[in-house]
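Me: Hi, could you walk me through this structure? I'd like to start with the pockets.

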Amino acid sequence: GQWVASNRFAFGHRQGFMQFSRLLTTLLFNSLTVISVCGVVDCRIGKAEEPRNVRLHDMLVINEDNSHFFGYKKPGEMNVRGLQAWVDQYAGGAVTHLFLCPNAMRASFRSKSRDAIWDPYNGKTPDHPWPRNAKRLHDAGIDPYKVWIARCRRKKISPWLSMRMNDVHNTEDRDNFQHSTFWRKNIHLWREPNHEHGSGLNYANAEVRKYQMAFVRELLERYDPDGLELDWMRFPNHLTPGKAREERGFLTEFVREVRSLTNDWSKKRGHRILLGVRAPALPDAGAGTGMDAVAWAREGLVDLIVATPFYFSTDFDIPFELWRERLKDAPKPVTVIGGVESSARPWISGTPVGNTMETLRGFAASSYHRGSHGVYLFNWMDDTKWPVPTTNYKRLLRDGVGADVAARGSRRHPVCFHDTVPKGASRNEQLPADARAGKTFRIHIGPCPNSGKAWAIAGLAKRDGLADARFRAKLNDQALKTAGDLKSLERIGGDTARAIRFAVPLNAVKAGFNELDLRQIGGSTGQQIVWVEIRITADN
């Protein structure tokens with residue numbers, strides 16, 4: 001609760017001893033309240049606000065996008081109670097932060113600097129639950145982000161705002177209601193002005209930077225978050241095609257100005273407002289894509305980096321140890337955590353599958369082992385039943401995927417790839433692979449399992465002779481025994497038609513990277529490997 005000690009008391013000579021005693025007791029209690037929580041709350045003279053959970057370690061972050069609540073909830077939930085109930089489901093469990101996204105091209109509130117999502121476009125009023133529900137809240141005089149921020153603080157969850165820096169959803173449909181007036185009227189400011197499917201804005205243009213900065217200013221003036229995230233990965237193209245490395249200074253200049261604003265507003269709000277960025281998973285990919293998070297950290301501009309893929313697949317091989325090496329000369333500590341998408345895809349054009357609780361634990365176990373300070377979930381939201389069922393989602397919110405939880409549970413470590421790299425750089429796509437030629441796959445699993453069972457799994461494409469094909473497998477040069485085919489191919493990617501399982505002795509498993517050698521040794525027709533994973537099944 002909020003304790004306020006008034007300084008308007010005057011003591012006259014006719015006040016009785018009992019009144020003085022009650023006053024003294026109240027003042028002492030309020031003072032002790034402030035002292036006991038000082039350092040984790042906004043401590044002012046005689047006043048202590050709700051505790052601020054601004055820790056940047058052991059984080060479990062949920063990103064709530066700009067449309068989900070409005071698009072999935074019913075009109076009857078468009079009120080303060082409905083907004084608070086949404087936050088409450090994340091309280092009292094493992095979730096430490098809610099990152100609230102208020103925008104794509106348009107804002108989901110009545111903005112002064114850009115269109116609201118319900119504003120007419122080409123004379124049409126948007127006919128979709130998202131704009132209709134957002135407008136219901138506006139018409140009722142309710143700002144959802146103010147309600148959410150206040151409720152988060154009350155429930156001891158850290159509220160951040162996450163601004164999408166260049167969202168281009170549905171640009172192939174020029175009449176889509178999501179597109180802003182600025183984007184529609186300034187085709188010359190696009191990265192690719194003549195692109196038939198539309199294009200994001202080009203930050204090499206001063207007009208674009210001014211337009212986007214106006215929204216940053218509005219967010220900081222209108223709201224009081226614990227932090228502001230610049231989401232450069234929705235979508236990750238911001239500069240002239242082919243010139244991202246040369247023009248990356250424009251993005252650095254932008255981040256520098258935002259940092260100045262957060263510093264100013266930290267003073268005005270009486271508490272620190274942190275600055276974070278979503279950036280490519282590989283630290284050395286930043287300069288070539290323009291999103292140079294390493295440079296920003298070395299200049300002291302950011303407090304948090306979410307190392308993440310764009311969209312195509314969760315990256316199960318984020319080199320947090322390399323991030324640590326690149327940031328060792330930063331003037332102040334910078335937290336780096338891993339971002340998880342909702343799907344897993346074996347290569348850029350391979351067939352994806354939804355993540356599971358087991359692949360999420362695999363990601364977390366590996367990431368914490370390599371130095372991540374948390375897990376950031378993108379497109380893991382309530383009511384969608386995607387990528388995991390509601391019962392698993394609730395269990396996730398309760399138990400989390402901290403290092404201990406992830407290492408103890410059943411986990412999967414699939415082979416995927418890096419989806420945001422500079423032109424010409426390797427995506428480290430290990431699949432698909434010619435089975436007859438064979439291949440050695442490098443897979444990071446984090447800590448060794450102390451118990452349970454381990455398996456190596458190879459998914460094969462549909463081809464003639466598939467049923468008769470025989471394989472040999474080795475893990476770290478130790479031969480593995482075939483343990484039959486997987487009965488279910490659910491959540492096995494690459495359009496797998498057959499999945500072979502190999503039993504792995506626990507003494508063959510190494511902490512960190514493991515080398516799995518697979519090759520076809522029998523069968524009339526050469527096969528294709530389209531999915532590979534190491535799977536650890538817990539005893540419980």
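**Pockets, a loop serine and cysteines**

Reply: Happy to! In this predicted model, the second largest pocket has a lining of 23 residues, and those nearest its centre are Asn237, Thr289, Val421, Pro422 and Lys423.

Me: Which helix gives the most to the lining of the second largest pocket?

Reply: That's H8, with three residues. Helix H8 (244–269) and helix H9 (286–289) each supply at least two residues of that lining.

Me: And what is the lining of the second largest pocket like by class?

Reply: It has nine nonpolar, seven polar and seven charged residues. The space in this pocket is about 530 Å³.

Me: OK, what volume does the largest pocket have?

Reply: About 710 Å³. Its lining has 32 residues, with Arg164, Asp167, His169, Arg234 and Phe235 nearest the centre. By class, that lining has 10 nonpolar, 16 polar and six charged residues.

Me: Changing topic: where does Ser410 lie?

Reply: You'll find Ser410 in the loop between helix H14 (403–408) and strand S14 (411–414).

Me: What does the side chain of Ser410 reach?

Reply: The backbone nitrogen of Ala538, at 2.9 Å. Leaving aside neighbours within four places in sequence, Ser410 is in contact with Glu358, Arg361, Ile536, Thr537 and Ala538.

Me: Last one, how many disulfides are there?

Reply: The count is zero. Take Cys152: the nearest cysteine sulfur, that of Cys101, is 14 Å away, whereas a disulfide needs the two sulfurs within 2.5 Å.

Technical notes: Residues numbered from 1 in each chain as written. Predicted model: local features only at pLDDT ≥ 70, side-chain atom pairs only at ≥ 80, totals over all residues. Heavy atoms only, no water. Helix = DSSP H or I, 4+ residues; strand = E, 2+ residues; numbered from the N terminus. Polar contact = N/O pair within 3.5 Å; in protein donor to acceptor, adjacent residues only side chain to side chain. Contact = heavy atoms within 4.5 Å. 1 Å grid on protein atoms, 1.4 Å probe; cavity = no way out; pocket = protein on both sides within 12 Å on 5 of 7 lines; lining within 4 Å. Points joined across faces, edges and corners; volume = space filled by probe spheres on them. Nonpolar A, V, L, I, M, F, W, Y, C, P; charged D, E, K, R; others polar.
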